[in-house]
Amino acid sequence: MHRVIGERDVDETPFDEEDARDLLSEMVRARAFDERALSLQRQGWMSGYPPYRGQEASQVGAAAAMREADWLFPTYRSNAMQLARGVPPRDVLLFRRGFAEFNSDHAVRNFPQAVPIATQLLHAVGFGMAENYGAGAMVGERETPAESAVVAYLGDGATSEGDFHEAMNFAGVFETPVLFFCENNGWAISMPRERQTASDSIAVKAEAYGFEGGQVDGNDPLAVREYVERALERVRAGEPFLVESLTYRQGPHTTSDDPSRYEDRAGYPEWRTRDPIERYAEYLREQGVVEEGFVEAAREAADEELKAAVEAAEAEPTPEPGTVFDHVYEDLPPRLRAQRAELLERVD
Ligand SMILES: Cc1ncc(C[n+]2csc(CCOP(=O)(O)OP(=O)(O)O)c2C)c(N)n1
Ligand SMILES: [Mg+2]
């Protein structure tokens with residue numbers, strides 16, 4: 001455990017026991033949500049769902065490293081991060097059901113989830129530049145650390161997009177307080193990591209843009225939290241950083257995908273494909289930090305919370321179908337106006 005790959009080994013790092021238990025509870029809560037959401041989708045409750053099973057340690061660890069004042073630029077995959085940051089499960093469910101508002105009380109500093117791959121990275125870097133301007137620093141050279149760091153979440157597949165390279169370039173040139181948190185879950189739909197890039201790692205790509213990157217064992221929440229915390233210290237001072245969190249997507253890409261057509265785990269090491277909750281719970285039991293039954297109790301509490309969240313979501317009226325066209329353009333172009341009219345006519 002506590003493996004930080006290619007950097008200082010944090011095996012010996014002491015940890016706070018209560019904190020370590022909280023991380024486990026949060027991972028169990030994330031798993032419960034994911035399973036419930038998947039089953040709701042299968043019942044026709046929502047049209048599609050992108051599960052993050054297997055990525056709980058990575059997401060919960062990274063969320064725990066962030067401060068409330070920091071901003072997250074998420075994607076469709078990072079719902080465990082959202083839950084761990086305090087977005088109510090009800091809101092995540094409603095969003096998947098077609099509600100435009102992700103974060104009903106706006107208490108969590110989130111940008112909207114990006115589905116177009118890598119577009120959020122440019123928004124994140126622009127936001128980081130604004131943070132610098134606000135501090136009177138045009139090109140980095142910050143006199144004071146940024147109060148709000150920016151965390152730009154991305155997948156391994158996103159690193160093949162032009163937007164990724166443009167964002168990395170601007171981040172390096174303008175010394176923006178941005179952490180690129182790349183969750184390498186082994187797959188971009190059916191494309192395995194080794195077909196994604198010929199680079200030795202994703203982390204190494206940072207070097208070409210003038211800043212540092214590093215890999216962390218994304219199935220160890222303590223390692224992820226510590227690594228991201230350290231990276232964020234540098235980021236706040238105006239040094240961007242690229243974290244590659246090595247984890248594994250256990251399930252399908254989304255509920256429309258059938259991974260049995262392409263999946264072959266043989267290419268990935270056991271520490272990556274092994275279930276992070278099982279592994280971490282076993283570790284904490286060995287360390288005497290949790291007792292037998294801890295995971296089951298955490299799961300029961302999470303299921304209770306979810307039951308209430310589903311009921312609350314069901315109590316909301318179904319959104320008007322025409323609202324899918326809102327918030328895209330100030331004035332809808334003629335083609336989309338025609339599409340909206342056609343949709344409303346059919347619904348009638
Ligand atoms: C610009 C763009 N091109 C293609 C797609 C279709 N698409 C959706 S998810 C995905 C793979 C993304 O893989 P990765 O970045 O590894 O993220 P993950 O799904 O594994 O979290 C693709 C190609 C898209 N959404 N946006
Ligand atoms: Mg991926």
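Asp156 counts as buried because its relative accessibility is 1%, where buried means under 20% relative accessible area, exposed over 50%, and partly exposed in between, with a 1.4 Å probe and protein chains only.

First, a word on the model. It is a predicted model, in which local features need pLDDT of at least 70 and side-chain atom pairs count only at pLDDT 80 or more, while totals for chains, interfaces and linings use all residues. Residues are numbered from 1 along each chain as its sequence is written, chains are lettered from A and ligands numbered from 1 in the order in which they are written, and side-chain values use heavy atoms, with hydrogens and water left out.

What protein donors does the magnesium ion (ligand 2) have? They are Asp156 (OD), Asn185 (OD1) and Trp187 (O), at 2.1 to 2.2 Å from the ion. Donors here are N, O and S atoms within 2.8 Å of the metal (3.2 Å for Na, K and Ca); water is not among the atoms, so sites may look incomplete. Asp156 sits in the loop between β2 (150-155) and α6 (162-173), and Asn185 in the loop between β3 (178-184) and β4 (187-188); this pair, 29 residues apart, links distant parts of the chain. Asn185 is buried as well, at a relative accessible area of 5%.

Let me turn to the chain as a whole. Its secondary structure comprises twelve helices and seven strands, taken as DSSP runs (helices H or I, at least four residues; strands E, at least two) and numbered from the N terminus. Buried residues account for 51% of the 348 residues. Of the contacts with a separation of 6 or more, 75% join residues 24 or more positions apart, a contact being heavy atoms within 4.5 Å. The C-alpha trace spans about 65 × 55 × 40 Å along its principal axes.

Ala118 has a phi near 75°, a positive value in a residue other than glycine. Ala118 lies in the loop between α4 (89-96) and α5 (119-134). His327, also not a glycine, has a positive phi of about 65° and belongs to the loop between α11 (294-314) and α12. Are these residues buried or exposed? Ala118 is buried, with a relative accessible area of 1%, whereas His327 is exposed at 72%.

Finally, Arg337 lies in helix α12 (residues 334-347) and is partly exposed, at 46% relative accessible area. Arg337 and Phe325 are twelve residues apart in sequence, with 8.6 Å between their C-alpha atoms.
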